[in-house]
Number of protein chains: 2
Amino acid sequence: MRLRMESFIKEEQQRIVRALEELDGTRFRTDTWARSNGGGGISCVLQDGTVFEKAGVNISIVHGSLPRPAIAKMRVNHPALDPTLESLDFFAAGLSLVLHPHNPMAPTVHLNYRYFETTNSDGSPAAWWFGGGTDLTPSYLFDEDAMHFHRTIKTACDSHDPNYYPRFKSWCDKYFFLPHRGEGRGVGGIFFDDLDASTANTDKERLFAFVQSCLRSFLPSYLPIIQRRKDMPFTDKEKQWQQLRRGRYVEFNLVHDRGTSFGLSTPDARVESILMSLPLTARWQYMHEPEKGSREERLVQVLKEPVEWV
Amino acid sequence: MRLRMESFIKEEQQRIVRALEELDGTRFRTDTWARSNGGGGISCVLQDGTVFEKAGVNISIVHGSLPRPAIAKMRVNHPALDPTLESLDFFAAGLSLVLHPHNPMAPTVHLNYRYFETTNSDGSPAAWWFGGGTDLTPSYLFDEDAMHFHRTIKTACDSHDPNYYPRFKSWCDKYFFLPHRGEGRGVGGIFFDDLDASTANTDKERLFAFVQSCLRSFLPSYLPIIQRRKDMPFTDKEKQWQQLRRGRYVEFNLVHDRGTSFGLSTPDARVESILMSLPLTARWQYMHEPEKGSREERLVQVLKEPVEWV
C-alpha cells in the first residue's frame, strides 16, 4: 500500500498542477525536499498568479520516529496508543492542497488525503488508516457553487457506500469549526480520519479505491466554480471582506487544525510546506460587523448553521 | 489587593490612552463590556490612525469558575493544581496592550501585567501571583531603540531587585520564541509569571510595587522610539517585509501564546478583546528569504541569537 499510495498521489499532483497552470496561465514553482530523518516531498506553489493569490499542491512521503509530544497529539484520536511510549515509528503519505484565489467572489478550497501506518519496534505493522477530505470556503456565498461542490463529492462517495457522504459531511462541519467564533470555516465538504477496516466496515483495498475516487473528483468539483467566479467584478469593500475571512482561515489553521499542529510539532518538519496553507494576505479588524441584510451577513448565518447542500 | 490592582490598571489605561491619542491625533474607541459569568473590562482600540495601524489597550477584571480545559492549560505552570478538579474559582485583573504602527521602521510593542488569585470552595484564597512583561518587535532593527527599551525596563527592575532584569530578560527571550521558525518574536524585554512570595523571595506589597514600576515605565520606554520612527521614509518593499513579520506575530500569538490560548478556551471570553493583539494586516509568502547582507537578514540573525542590549 505504501508504494501504491505514493505513486497515486504523485500522479494526481501532476494532473492537478497541470490543470491549475492551464487555468492560471502561470507556472508553479516546484521544490523537492528531503527530511534528514527519512522521506521527503514535492511542494508545488504558485504565488501572485493571474487567478490565484496563492496555490499550493504538496505531497509528502515521510517515515521516522514520532517524539512524545506528537504521539500525545495523535492519541487524541487514537486512544489505543500507549501513552508511555517514548517514540513510535510511522509512515505517512499524503497529498494536500489549498487554493486562495484573488477574486473575492471565488472561494478558497482545501483538500487533503493521506495514508498512515505505525510500526512496532520489530518492524511489523501496528496500525494503518486513511484520513482526509475537502472543503470549500467562500467569502461571498453562491448557493449553486456550494451545491455543485457537495453534489460532486457525494457522487464520488455514493459509488462506494451510501453512508459515507452523510457521515463525512457532518464530520466536516464539526471539524472545520471555530469554537471561539461560533462559526464554521466555510460551507464544508467531507472530512474523515482514522478510517480502517473496523471504522469503515470494509477492507483496505476498498478504502484505497474510495480515497482514489475522492481525490479524482477534486478537479470536477472545483474547476467549474473557479471558472465562473474568477473574472467577476468586485469592489474594494468586497476585497476587504475577503481579507477578513482570510483572517478567520488563519485562525482556524493555526489554532485548531490538527494537521498543522501535528506538522509543527514534528521534528525536522518542512515549515514552509506546512504553512503554505496560509493565505498570502489576511486582515483582523476590531469589532467588524456585517451590515444587516447584506451578503456578508448571510454568509455568517450559514457558517453558524450548516446547510444540507444536496 | 484586588481593588488596588483594579484601580491602578484603570488609571494607567487612561494615562496610556491619553498619551497615545496625543501622539496619533486620533481618538480611541472605548468599549465597556461585562461577562455574564462575572466581571468585565474596558477595551480601548484605535484602528487605522495616523501613526498606528492598530492599537489596543485593554483592561479586564474577571472572576468566575475555570472549566477543566482552562485548568489543564494553567497546570502547565502550576503543577500543584489538583488535576481532578472539575472547576476552580479565580479572580484576574490585568492590563494588556499591543501597538502596531503603520511605518515599518517603527516597532510593534506589547505589554501585559496581571494579578491572579484562585479561591478554595469555601471562598478562602488558595493562591495568588503576578505575571506580565513587555517586549519590542521591530521589522527593521535600530540598535539604539532596542537599547533604550531595555535600559528603561532595567532601571525600573533594578530599583526593586538587581536580579529581576537579568532573570526576566532571559525568561522573555525563552517565552517569545517560535520553535518552528527557530526565531524569537522580537528583540525581547522582560517576561515573568507566577511571581509570588516564594518565587520572588519577597512579599505581596513589594511585588505590587514592582509591577507598578514596570507598568509606569512603559511610556518612557516606547514614546521616544515611536517619535523618531513614525515619519521615516520607507519603500514598498520595506512595507512588505513588515507585513511578513506581522505574519510571524500572528503565528506566535495563535500557536504559542499562553494568554491567547487561555483566553480562547475561557467560556464566555470576549474574543474581540483577546484577538485585538493581532495586526490589522499580515502576509505569508512561500519561501521568502532576506537578501544576503541586507537589514532584513540582520534582523533575522538577531532573532535567532538574542542580544544583551544593556
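Guide: Let's start with a term: a salt bridge is a side-chain nitrogen of Lys or Arg within 4 Å of a carboxyl oxygen of Asp or Glu. This is a predicted model, where local features need pLDDT of at least 70, side-chain atom pairs count only at pLDDT 80 or more, and totals for chains, interfaces and linings use all residues. Side-chain values use heavy atoms, without hydrogens or water.

Visitor: How many salt bridges are there between chain B and chain A?

Guide: The count is two. In one of them, A:Arg181 pairs with B:Glu272, with the closest N and O atoms 3.2 Å apart.

Visitor: How many residues of each chain are in contact?

Guide: Contact means heavy atoms within 4.5 Å. Here, 29 residues of chain B touch 29 residues of chain A.

Visitor: What area do chain B and chain A bury between them?

Guide: Buried area is the accessible area (1.4 Å probe) that two parts lose on being put together, summed over both. For this pair it is about 2800 Å², with 59% on carbon and sulfur atoms. In chain B, the residues losing the most area to chain A are B:Glu272, B:Trp284 and B:Tyr286, together 29% of what that side buries.

Visitor: Which strands join the two chains, and in what direction do they run?

Guide: Strands (E, at least two residues) are DSSP runs, numbered from the N terminus, and two of them pair if DSSP finds at least two bridges between them. Strand β10 (residues 281–283) of chain A and β10(B) are joined by three bridges and run antiparallel. Look for A:Arg283, which stands opposite B:Thr281 in β10(B).

Note on methods: Residues numbered from 1 in each chain as written. Chains lettered and ligands numbered in written order. Helix = DSSP H or I, 4+ residues; strand = E, 2+ residues; numbered from the N terminus.
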